[in-house]
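Open the model in your viewer and keep the selection panel at hand. The tour goes stop by stop.

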Amino acid sequence: VQLQASGGGLVQAGGSLRLSCAASGSILSINDMGWYRQTPGKERELVATVARVGTTNYADSVKGRFAISRENAKKTLTLQMNSLRPEDTAVYYCYADIVSSHTLTQSDTWGQGTLVTVSS
């Protein structure tokens with residue numbers, strides 16, 4: 001089971017980026033999915049999460065600017081980021097709570113991280 005993230009890059013302040021994450025492997029079900037971010041010397045912090053039924057949760061710093069969504073049938077996760085600010089610069093990680101169809105066990109699975117750089 002793995003998560004593959006994509007979509008990071010360099011953008012000017014006020015611009016937009018769209019991050020994507022795809023889950024693959026022996027997957028029975030996916031519960032919560034989300035995006036986290038980390039900058040050097042700081043703890044990884046929550047950006048947004050979305051439950052299987054679609055309930056969302058956002059960090060206060062991104063409310064009204066970012067939108068998280070998922071497509072359960074495709075096992076994909078998306079983060080639309082608008083009105084980006086320099087302080088949004090970070091490595092973004094996708095996360096999923098996955099139950100393996102092979103082992104029938106749950107695991108917290110992380111993607112490899114994608115760098116988002118917002119210039120002022």
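Select Arg-37 first. At 6% relative accessibility, Arg-37 counts as buried; buried means under 20% relative accessible area, exposed over 50%, and partly exposed in between (1.4 Å probe, protein chains only). The term stands for a side-chain nitrogen of Lys or Arg within 4 Å of a carboxyl oxygen of Asp or Glu. Glu-45 is partly exposed, at 38% relative accessibility.

A note on the model before moving on. This is a predicted model, in which local features need pLDDT of at least 70 and side-chain atom pairs count only at pLDDT 80 or more, while totals for chains, interfaces and linings use all residues. Residues are numbered from 1 along each chain as its sequence is written, and side-chain values use heavy atoms, with hydrogens and water left out.

Together with Arg-37 and Glu-45, they are linked in a network of salt bridges. How many salt bridges does the structure hold? There are five.

Go to Lys-63 and Asp-60 for another of them. Their side chains meet in a salt bridge at 3.1 Å, N to O. Lys-63 is partly exposed, at 48% relative accessibility. Asp-60 is exposed, with a relative accessible area of 62%.

Next, pick Lys-74 and Glu-71. They form a salt bridge too, with the closest N and O atoms 3.8 Å apart. Here Lys-74 is exposed, at a relative accessible area of 56%. Glu-71 is partly exposed, at 42%.

Step along to Lys-75. Where does Lys-75 sit? Its place is in the loop between strand 7 (66-71) and strand 8 (76-81). Strands (E, at least two residues) and helices (H or I, at least four) are DSSP runs, numbered from the N terminus. Check the backbone: Lys-75 has a positive phi of about 60° although it is not a glycine. Most residues other than glycine have a negative phi. Lys-75 counts as partly exposed, at 28% relative accessibility.

Show what surrounds Lys-75. Leaving out residues up to four places away in sequence, Lys-75 touches Cys-21, Ala-22, Ala-23, Ile-27 and Ile-30. Contact means heavy atoms within 4.5 Å.

Select Ser-83 now. Ser-83 is found in the loop between strand 8 and strand 9 (90-100). Ser-83 also shows a positive phi, about 50°, although it is not a glycine. With 40% relative accessibility, Ser-83 is partly exposed.

Jump to Arg-18. This residue lies in strand 3 (residues 17-24). Buried or exposed, or in between: which is Arg-18? Arg-18 is partly exposed, with a relative accessible area of 47%. Neighbours within four places in sequence aside, Arg-18 is in contact with Ser-6, Gly-7, Thr-78, Leu-79 and Gln-80. Then draw a distance to Phe-66. The C-alpha atoms of Arg-18 and Phe-66 are separated by 9.5 Å, and the two residues are 48 apart along the chain.

Clear the selection and colour by secondary structure. The chain comes to zero helices and 11 strands. Its radius of gyration is 14 Å, close to the 14 Å that the globule rule gives for 120 residues, so the chain is as compact as a globular protein of that length. That radius is taken over C-alpha atoms, and the rule is 2.2 Å times the number of residues to the power 0.38. Draw the principal axes: the C-alpha atoms fill a box of roughly 45 × 25 × 20 Å along them.

Colour by burial next. Buried residues make up 41% of the 120 residues in the chain.

The chain exposes about 6,300 Å², and carbon and sulfur atoms supply 47% of it. Areas come from the Shrake-Rupley method with a 1.4 Å probe; for residues, only the protein chains shown count as cover.
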